[in-house]
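Student: I have a protein model open and I am new to this. Can you show me how to read it, feature by feature?

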Amino acid sequence: MKNFLLMLGACFLLVSCSTGDALTAARIVGGSSQALTFLGCRAVSEDELEFDFSREVNVKHLSFEPEISIASIEEDGSTVRVMLAEIPQGGMLITADLLAEDEKRNTINVLVTLRTKNNRMPQLVINEICTEYSNPRTEFIEFKMKTAGNLGAMRVFIIGNSAASSRTIFEFSPVEVKKDEYVVLHLRSVEDSVKNEYGSNLDESGGRNASPTARDFWIPGNTKLIHKTSMIYVLDQDDNVLNAVMLCENPNLPWPKDYFTETANFLFEKSAWKSSDGITCRPADAIPSAATTNTRTINRDETTANTNSAANWYVTVTSGATPGRPNNQGRY
């Protein structure tokens, strides 16, 4: 994403950085906006960051907020490699303020947010899905941790009823989770008492469907993000798919839009969702979701091994929704 905003005679470049929807502001001084361009940044490891430019640069200033000590800065052509003197918390959101200069003395001031490298993301599965809204009971996605770890920088995507919904809907800040712990991501916020539970108190959040024994997180706003035909997947910082689920209301019809087909191809190629005959997943390979309601949710069979397919899933009985608790085994 590249947009240009002219302000007070300076040129600011707004771009997406490597993780989530973080924004970069770059101010270019002493030449045209074509002379020197910031291309992006990434966390290479727990103590190494890289910043890429369109040409060779020298760094004149670099600082972080929150403050992080810097061990060394290496200018390798158009790439700036920064070694940190300490290992920050994995998945923490930081802001880098970097001033660089090229050989023509064009300078660029970059203000960019990014997340530190998290090498401790847990293994997890999507465990329960509510696609329907009944005020104040919101739609939700429940995750079950298969190992302990840190959720920082984990991104959740939903492919829904428009291409605009094909984006990150939530990115976790650092939070420690335990094996077999449940985490519930509520897909809208309609009550003032809701809170994201990053601390030790799992009963901190109010809100209907909030669990007193599981971590609750809430997406701001009151927009519908999930439908009965949707694809949900979770990515780490290296774009590996941690888990995915495909839902389809009408499994006998083709995918309604090209972006569903594209996502089905992506998940199949990543071995995140399988078909019955080893080819790209069709609507018939998704979980049939027509029978779902606000209390009749889509549940993973927690007694079976994960097959990355619809074979693990069923629609529970009416009033069988269990956000933050073991799934109801009653089948609709």
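Tutor: Start with the overall make-up. This is a predicted model. The protein has one helix and 23 strands.

Student: How much of the protein is buried?

Tutor: Of the 332 residues, 51% are buried. The exposed surface comes to about 14,900 Å². Carbon and sulfur atoms supply 48% of that surface.

Student: What share of the contacts joins residues at least 24 apart?

Tutor: Take the contacts between residues at least 6 apart in sequence. Of these, 59% join residues at least 24 apart.

Student: How do I read a core?

Tutor: In soluble globular proteins, nonpolar side chains tend to be buried together. Here the largest nonpolar core has 50 residues. Those with the most contacts inside it include Ile126, Phe143, Leu185 and Met246. Strand β20, residues 241–248, gives this core its largest share, six residues. Apart from it lies another core, of 24 residues, with Ala43 and Leu84 among them.

Student: Which residues does Phe143 touch, beyond its neighbours in sequence?

Tutor: Set aside the neighbours within four places. Phe143 is then in contact with Leu124, Ile126, Val156, Tyr182 and Val234, among others. Asn127 and Glu181 are also in contact with Phe143.

Student: How does β19 pair with β20?

Tutor: Strand β19, residues 230–235, pairs with β20 in the antiparallel sense, over six bridges. Look for facing residues. Leu235 stands opposite Val241 in β20. Val234 has Asn243 in β20 as its bridge partner.

Student: And how many bridges join β14 to β19?

Tutor: Four, and these two strands run antiparallel. Phe157 stands opposite Tyr233 in β19.

Student: Which way do the side chains of β19 point?

Tutor: In a regular strand the side chains alternate between the two faces of the sheet. In β19, Ser230, Ile232 and Val234 point one way. Met231, Tyr233 and Leu235 point the other way. Six of the six residues in β19 are buried.

Student: Now a charged residue. Is Glu50 buried or exposed?

Tutor: The cut-off for buried is under 20% relative accessible area. Glu50 has 9%, so it counts as buried. Its place is in strand β5, residues 48–53.

Student: Which side chains make polar contacts with the side chain of Glu50?

Tutor: There are two to look at. The side chain of Arg42 is joined to that of Glu50 by a polar contact of 2.5 Å. The side chain of Arg81 makes a polar contact of 3.0 Å with that of Glu50. Glu50 and Thr79 are 29 residues apart in sequence, but 6.7 Å apart in space, C-alpha to C-alpha.

Student: What about Asn118? Why does Asn118 count as buried?

Tutor: Asn118 counts as buried because its relative accessibility is 6%. Asn118 sits in the loop between β10 (107–115) and β11 (124–130). A polar atom of its side chain lies 2.7 Å from the backbone oxygen of Asn150. Gly90, Leu151 and Gln237 are among the residues in contact with Asn118.

Student: Which residues have a positive phi without being glycine?

Tutor: Asp239 has a phi of about 65 degrees. It lies in the hairpin of β19 and β20, which has five residues between the strands. Asp239 is partly exposed, at 38% relative accessible area. Ser319 also has a positive phi, near 65 degrees. Ser319 lies in the segment after β23 (313–315). With a relative accessible area of 58%, Ser319 is exposed.

Notes. Residues are numbered from 1 along each chain as its sequence is written. This is a predicted model: local features need pLDDT of at least 70, side-chain atom pairs count only at pLDDT 80 or more; totals for chains, interfaces and linings use all residues. Side-chain values use heavy atoms; hydrogens and water are left out. Buried means under 20% relative accessible area, exposed over 50%, partly exposed in between (1.4 Å probe, protein chains only). Contact means heavy atoms within 4.5 Å. Accessible areas come from the Shrake-Rupley method with a 1.4 Å probe; for residues, only the protein chains shown count as cover. A nonpolar core is a set of buried Ala, Val, Leu, Ile, Met, Phe, Trp, Tyr and Cys residues joined through side-chain atoms within 4.5 Å. A polar contact is a pair of N or O atoms within 3.5 Å; within protein, one must be able to donate a hydrogen and the other to accept it, and residues adjacent in sequence count only if both atoms are side-chain atoms. Two strands pair if DSSP finds at least two bridges between them.
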